[in-house]
Amino acid sequence: MNIQDFEWAHLRLLAPEIFLVVVAAVMMSLDLTLPESRRRQLGLVTGIGMFLAMGLAVIFALPGMDEGLILGGMIRNDFATFAFRMIFLFSSGVTALVSVDVEGLGRKGEYYTMLIGTTLGMIFMAAAADLVMLYLAIETTSVGLYAMAGFLRDNDKSVESGLKYFLFGATTSTVMLYGFSLLFGFTGQTNLYGIAEAVSAGQVPALALIASAVMIIVGVGFKVAIVPFHFWTPDVYEGAPTPVTAFLSVASKSAGFAVLIRIFLTALGSTAASSISGWLPMMLAMAAVTMTVGNFLALPQRNIKRLLAYSSIAHAGYAMMGIVALTTEGIAATVFYLTAYMLTNLAAFTVVILFSRVVGSDEIADYAGLSRRSPYLALAMLIAFLSLGGMPPLAGFVSKFFVFAAAMRSDLVWLTWVAVLNSIVGLYYYLVVLKMVYVKPAPEGAGAIPVSRPYAFALGVLCAGVIVVGVAVAPWMGWATEAARALF
Amino acid sequence: MNFPFLSVISLTPITVGCLLLLFPAERKNEARVAALAAASLCLGLSLFVYFGYDAGAGGYQFVEKFDWIPQFGISYHMGVDGVSNPMVLLTGIVIFTGVLISWGIDDRPREFFAFLFILASGVFGVFVSLDMFQLFFFYEIAVFPMYLLIAIWGWKVTREYAAMKLTLFLFIGSLVALVGAFAMYFAIGRATGVYTFDMLKIQEAQAAGAFNFALNVPGLGAVSFERFWFPPVFFGFAVLGGIYPFHNWSPDGHVAAPTAVSMFHAGVLMKLGAFAALRMGIMLLPEGARFHLPWIVILTLINVVYGSFIAMRQTDLKYMIGYSSVSHMGLVSMAFATMNQTGYLGGGMQMFAHGVMTAMLFATTGMIYDRAHTRMMPELGGMAKKMPFVLIGFTIACLSSMGMPGFAGFVAEFPIFMGLWRAGTQTSDFIGTYYAWIAVISALAIIITAAYLLICVQRVFFGEISEEHDHHVGDVTVLDKVAITVLSSAMIAIGVFPVLMYPMVISGVDAALRVFGGS
């Protein structure tokens with residue numbers, strides 16, 4: 001463990017985050033000054049800001065020689081940070097773009113300010129190497145997300161969603177905090193790497209180790225939506241404004257995975273720690289149960305947002321396969337999986353946003369005949385759902401392939417079989433939605449769904465991304481592998 | 001040869017398919033013309049590859065290889081050998097004729113041709129893949145367009161059910177095989193230190209003994225690696241080959257599918273399963289194959305006999321052809337079980353012969369259905385008067401199907417029985433005797449095939465035509481006639497001049513049989 005003190009030069013590595021703060025400030029002043037007719041630009045400014053931040057990250061914060069614990073050990077600058085930062089910035093940028101035409105959301109400066117704030121929090125969740133920093137980041141993210149989920153004040157479902165999310169979130173996060181405090185109490189350290197050394201040295205009694213592992217799993221499991229901490233997911237996903245749902249399902253989930261990976265592979269990663277605390281068998285069981293519960297409960301859903309909520313639970317299960325494999329390849333597979341899932345799910349939700357804006361419904365039955373009404377929108381939906389189902393040449397196929405391979409490499413043959421059977425269930429309900437879109441006739445007099453420019457741009461980029469990631473796999477996999485190496 | 005023939009053949013359809021999807025929807029004719037152009041290109045190139053292949057030299061030719069995902073030892077590796085080359089030609093023929101006879105589709109033709117072409121790419125890709133990852137990649141591409149093609153353009157009564165059943169069956173099969181592929185990948189990696197999905201490298205490592213270890217399976221004790229993993233890989237793919245008892249998605253799928261898709265499905269897709277089972281099951285796990293095939297041959301016998309009995313009972317033309325496909329595909333798997341050159345030669349020939357003749361049967365059935373609006377044999381009759389050209393095509397396919405000398409079916413089925421008999425005489429133990437019996441019984445099943453096909457020709461084309469049909473049924477279009485001509489000439493050419501294909505297939509099967517150590 002080599003902790004570097006605060007140095008001005010290191011702020012360079014936080015250039016994208018500093019820039020985000022500036023964007024947030026700009027957003028607040030624009031919110032005060034922009035006339036009603038031009039408020040649509042708020043979302044565009046946020047979106048462009050996020051993409052610019054990605055550029056800054058590549059220019060200033062690409063970890064190379066200066067990998068390590070910086071700023072007094074608060075932040076770890078490595079490829080894992082970088083990869084997750086890109087995931088958050090991209091999904092946040094797309095979310096901003098696809099929010100612009102949403103009633104009650106798209107023209108509110110405070111919504112975008114909170115979006116930027118939560119993104120900032122997520123980046124620090126992935127980057128934090130210290131329990132204090134980590135908890136601060138988690139709360140920064142969560143508070144913003146609670147408010148965003150309940151943003152539509154006049155909509156009962158949205159308010160219910162926000163409140164539910166807040167109650168669940170606050171409870172689990174306090175439980176997790178207790179887990180943190182146990183680790184701190186026994187080791188006297190807040191730095192994850194310091195804790196790792198102390199745990200290896202046997203400073204923490206077995207019972208405390210088990211308790212803290214369980215309590216941390218509770219908190220992180222809530223974020224990631226793994227069974228049995230998944231109960232909030234369908235209700236919150238259904239009630240929240242759809243762009244927020246999209247953001248929750250990809251960015252918040254990835255952030256949870258980042259924390260999961262950091263804590264369990266760094267602080268509790270040593271063989272001794274994992275065998276005493278028993279987190280590995282717990283997570284193995286949860287991965288298997290999560291994908292099964294998610295897929296089977298998705299079967300009877302009639303509402304597309306609830307369906308995608310359960311599907312997101314199932315996908316959390318698949319993504320965990322890479323973590324429990326406990327290999328570089330496994331973590332790389334998980335990072336790759338999250339990237340592919342982000343592109344795919346954002347595309348799916350973008351179609352849902354466009355559709356419900358015009359039709360005013362999220363019922364799957366109302367999607368009947370979409371391919372006749374709007375062939376291109378139907379095509380985007382086809383790409384997104386087939387990718388979720390794991391079909392080539394789309395990103396979903398390779399990402400599943402890699403997590404299955406990771407599990408097989410660690411001799412988890414049974415888990416692979418569970419996942420294989422689950423994929424079939426998954427494909428079934430995705431196909432049922434596509435059947436609505438492509439086979440069923442459209443209702444009388446239903447016209448095309450208008451798609452405005454930011455949405456068309458976002459959908460085009462996402463669909464192209466799904467295909468590119470699914471075909472030209474090597475570079476993405478290379479980056480994911482770099483990110484995974486940084487953790488071992 | 002530097003021009004990437006195989007890449008162009010297998011990627012042209014999917015590229016054209018994607019472009020078609022971005023075409024304006026109302027330009028229906030342009031979409032059709034673009035489809036025909038792409039299909040002609042594929043047929044032309046596959047003919048070129050077919051005749052450009054040097055059967056004397058054998059081995060893999062037209063090879064293309066570069067790294068795809070080097071971190072995992074995955075490469076983009078294509079090549080044809082004597083077994084896959086006829087399959088590529090078959091796919092070229094079927095996509096070409098399929099586009100011709102689908103000209104009249106008026107409901108979203110753009111999407112129809114696009115999905116059909118994505119399917120075609122998947123099929124071409126599997127036949128030329130020499131890398132397991134790549135094979136799965138293309139295999140899945142071949143599976144999902146089927147769902148939409150059947151569910152959207154299929155027969156209204158059963159299409160949703162049949163499409164879902166077919167897709168899930170094939171998806172399950174492929175995933176089961178995928179787990180087997182992973183097992184091979186890691187076994188090779190651990191034994192040699194080189195993790196690779198390249199099938200040629202796996203074959204080498206297998207020959208060097210990388211799979212010679214036992215697994216400790218709970219409940220079964222120590223089982224040799226190959227014996228344990230052969231069934232998942234073989235059956236995973238054989239599902240698509242229609243092997244009993246996993247065949248029953250296939251008649252439902254054939255019946256519900258629109259004509260061109262039935263042609264593709266029975267003509268090419270089922271070969272895909274058999275082919276992949278051969279490539280990944282038998283050739284990569286020969287020890288497992290040697291152990292399991294002697295009992296699998298009984299399943300294939302059930303396929304042959306039971307398939308033809310069920311076919312005889314059908315009154316719906318498409319169901320009849322569907323079950324007859326199950327029966328004929330049983331012969332292909334049976335050929336694989338012989339493990340000698342004669343039998344494998346027959347298997348390779350049968351894949352091509354059956355592909356062309358089933359495509360013809362489904363094409364002509366589709367033409368009849370489009371005009372008479374029924375496929376029920378009792379309601380049909382006297383079609384010979386109305387569409388003589390269809391009669392010729394249908395009859396040629398039937399004669400080929402029943403193994404009449406002079407047609408493609410004979411030169412394929414005869415070696416299979418001979419090979420099976422030979423496999424019986426080569427071994428003296430118990431297995432040897434029953435191989436001979438299986439050969440006899442399945443040869444007798446061909447008589448049943450002859451019976452139901454002749455009855456069918458008589459019922460559909462001769463006899464009294466109903467008044468209603470007499471009134472509105474007309475002759476087929478020129479495009480249909482072109483399609484019939486292409487398919488018939490393929491069947492007759494191979495039947496009369498088997499030398500066009502024999503040396504090539506022999507060079508391919510010899511390589512396949514080398515994994516068993518000669519023969």
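This is a predicted model: local features need pLDDT of at least 70, side-chain atom pairs count only at pLDDT 80 or more; totals for chains, interfaces and linings use all residues.
Visitor: What share of chain B is buried?
Guide: Of the 519 residues in chain B, 61% are buried. As for contacts in chain B with a separation of 6 or more, 78% are made by residues 24 or more positions apart.

Visitor: Switching to the contact between the chains, how many residues does each chain put in?
Guide: Chain B contributes 26 residues and chain A contributes 27 residues. On the chain B side, strand E1 (61-69), helix H5 (132-153) and helix H6 (159-192) each supply at least two residues, and H6(B) gives the most, with 12 residues.

Visitor: Which classes of residue make up that side of chain B?
Guide: The side of chain B that touches chain A holds 22 nonpolar residues, along with 2 polar and 2 charged ones.

Visitor: What about the largest nonpolar core, which members touch the most others?
Guide: That core has 412 residues, and the members touching the most others are A:Met125, A:Met321, A:Ala347, B:Ile150 and B:Val356. The element that gives the most to this core is helix H14 (residues 328-359) of chain A, with 20 residues.

Visitor: Staying with B:Ile150, what is it in contact with, beyond its neighbours in sequence?
Guide: Once neighbours within four places in sequence are left aside, B:Ile150 is in contact with B:Arg159, B:Ala162, B:Ala163 and B:Leu166, and also with B:Gly253, B:Ala256, B:Ala257 and B:Val261.

Visitor: One more residue: where is B:Ala120 found, and is it buried or exposed?
Guide: B:Ala120 is found in helix H4 (residues 109-128) of chain B, and it is buried, because 33 other C-beta atoms lie within 10 Å, where 20 or more is the cut-off for a buried residue.

Visitor: Which residues is B:Ala120 in contact with, and how far is it from B:Val194?
Guide: Leaving out neighbours within four places in sequence, B:Ala120 is in contact with B:Pro13, B:Thr91 and B:Ile95. B:Val194 is 74 residues apart from B:Ala120 along the chain, and their C-alpha atoms are separated by 33 Å.

Key. Residues are numbered from 1 along each chain as its sequence is written. Chains are lettered from A and ligands numbered from 1 in the order in which they are written. A nonpolar core is a set of buried Ala, Val, Leu, Ile, Met, Phe, Trp, Tyr and Cys residues joined through C-beta atoms within 7 Å. A residue is buried if 20 or more other C-beta atoms lie within 10 Å of its own, exposed if 12 or fewer, and partly exposed in between; C-beta atoms are placed from the backbone. Helices (H or I, at least four residues) and strands (E, at least two) are DSSP runs, numbered from the N terminus. Two residues are in contact if their C-beta atoms, placed from the backbone, lie within 7 Å. Ala, Val, Leu, Ile, Met, Phe, Trp, Tyr, Cys and Pro count as nonpolar, Asp, Glu, Lys and Arg as charged, and the others, Gly among them, as polar.
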